[in-house]
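I opened this structure without having seen it before, and I kept notes in the order in which I looked things up. The entries follow.

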Amino acid sequence: MTLVLNRIDDRLIHGQVVVGWGQPLDVRFIVLVDDTVAASDWEQELYRMGVPPEMEVRFHSALDAERCLDAYRREAAPGILVVGDIATMRHLVERGGVREVNVGGIHHRVGRVQHLRYVFLTEPEQEALRDLAALGATVTAQDVPAARAVPLDELLAAREIA
Amino acid sequence: MSDRPGDAIRALVAGHADFATGLVSAVELISGRGGVLMPIEVAGLCGADIEELLARTLAHSDVRVIFTDLQAGSCTMAARRVQRSMPGVVLVAGANLPMLLDFALSSEPDLAVAAVSAAEKGRASVNVFGGAA
């Protein structure tokens with residue numbers, strides 16, 4: 001098995017990750033890459049609280065993660081990689097061997113435009129996603145397994161009224 | 001929600017999709033006391049914005065009880081963060097209709113106590129009928 005999903009989601013670990021993806025894919029571990037969470041025991045406990053006992057959570061900073069991902073991909077059990085922003089995912093595409101990127105949730109903030117129900121982007125964030133593709137990653141948007149994976153061009157062209 | 005006199009808001013309800021509005025409307029339909037619960041709409045919000053919304057709503061009221069749906073859900077995560085800055089807040093994750101009905105109809109003046117009692121009611125109200133022996 002391997003890391004079956006490399007997800008950008010600003011909510012990090014939440015229901016869609018643990019239940020929506022975790023149960024059908026029989027996910028046994030989540031790799032949460034976030035510099036703030038990696039530096040805080042309290043934050044880590046908060047995210048551990050949200051997962052069932054059979055699912056392990058491994059916390060890394062972006063720098064740490066680039067050295068660990070290859071080993072995680074060789075594990076027998078399936079796992080999910082989750083980051084909270086595009087910049088962290090770019091780091092892992094450039095230095096961690098990530099080749100498929102799932103945009104799972106980038107939510108409303110001032111200055112962002114809604115593209116899908118669960119994806120809001122600023123102009124620089126649109127460019128940052130294009131950069132991931134230019135670096136060789138396949139970028140799609142998909143919140144849950146039952147939904148269609150929306151290709152990057154379609155995602156960026158889409159506009160929804162909130 | 002109810003407009004009955006005396007139905008001051010006693011708790012917030014937050015969760016995925018229409019969980020909060022659905023459960024609060026069900027409490028109102030059954031008990032006529034939906035007004036004691038305030039549904040929080042979080043669609044499209046990031047975790048930080050959910051936290052800010054919960055904190056702001058609590059700051060502008062006397063409410064100190066929050067009910068959420070999934071323990072792994074972003075509303076629960078946000079509420080746990082709110083508890084750091086507001087230690088008196090009680091959070092009950094895994095809310096269901098029997099739980100909220102018990103809370104809405106409780107005469108217990110201490111709402112923290114009422115929340116704990118309601119959680120027990122909700123936990124005990126799950127039963128399976130039929131299925132494999």
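Entry 1, strand pairing. I looked up how strand 5 (residues 100-105) of chain A is paired, and I found that it runs parallel to strand 8 (residues 138-141) of chain A, with 4 bridges between them. For one residue pair I noted that A:N102 has A:T140, in strand 8 of chain A, as its bridge partner. I keep in mind that this is a predicted model.

Entry 2, the sheet. I then traced the sheet in chain A, which is open, has 7 strands in the order 3-2-4-1-5-8-9, and shows mixed pairing. Which strands stand at the edges? I found strand 3 (56-60) and strand 9 (150-151) of chain A there, and because each has a single partner strand, one side of each is left without a neighbour in the sheet.

Chain A has a radius of gyration of 15 Å, which agrees with the value near 15 Å for a compact globule of 162 residues. Its C-alpha atoms fill a box of roughly 40 × 30 × 30 Å along the principal axes.

I looked for the largest nonpolar core and found 47 residues, with A:I13, A:I30 and A:L32 having the most contacts inside it. Strand 2 of chain A gives the largest share of this core, 5 residues. Among the residues that A:I13 touches I noted A:V18, A:Y47, A:V82 and, from chain B, B:A72. I also found a second, separate core of 40 residues, which includes B:L23 and B:M99.

I checked where the chains meet, and 15 residues of chain A are in contact with 14 residues of chain B. On the side of chain A that touches chain B, helix 1 (15-21) and helix 3 (41-49) of chain A each supply at least two residues, and the largest share, 3 residues, comes from helix 1 of chain A. By class, I recorded 7 nonpolar, 5 polar and 3 charged residues on that side of chain A.

Conventions: Residues are numbered from 1 along each chain as its sequence is written. Chains are lettered from A and ligands numbered from 1 in the order in which they are written. This is a predicted model: local features need pLDDT of at least 70, side-chain atom pairs count only at pLDDT 80 or more; totals for chains, interfaces and linings use all residues. Two residues are in contact if their C-beta atoms, placed from the backbone, lie within 7 Å. Ala, Val, Leu, Ile, Met, Phe, Trp, Tyr, Cys and Pro count as nonpolar, Asp, Glu, Lys and Arg as charged, and the others, Gly among them, as polar. The radius of gyration is taken over C-alpha atoms; the globule rule is 2.2 Å times the number of residues to the power 0.38. Two strands pair if DSSP finds at least two bridges between them. A nonpolar core is a set of buried Ala, Val, Leu, Ile, Met, Phe, Trp, Tyr and Cys residues joined through C-beta atoms within 7 Å. A residue is buried if 20 or more other C-beta atoms lie within 10 Å of its own, exposed if 12 or fewer, and partly exposed in between; C-beta atoms are placed from the backbone. Lists of a residue's contacts leave out its neighbours within four places in sequence.
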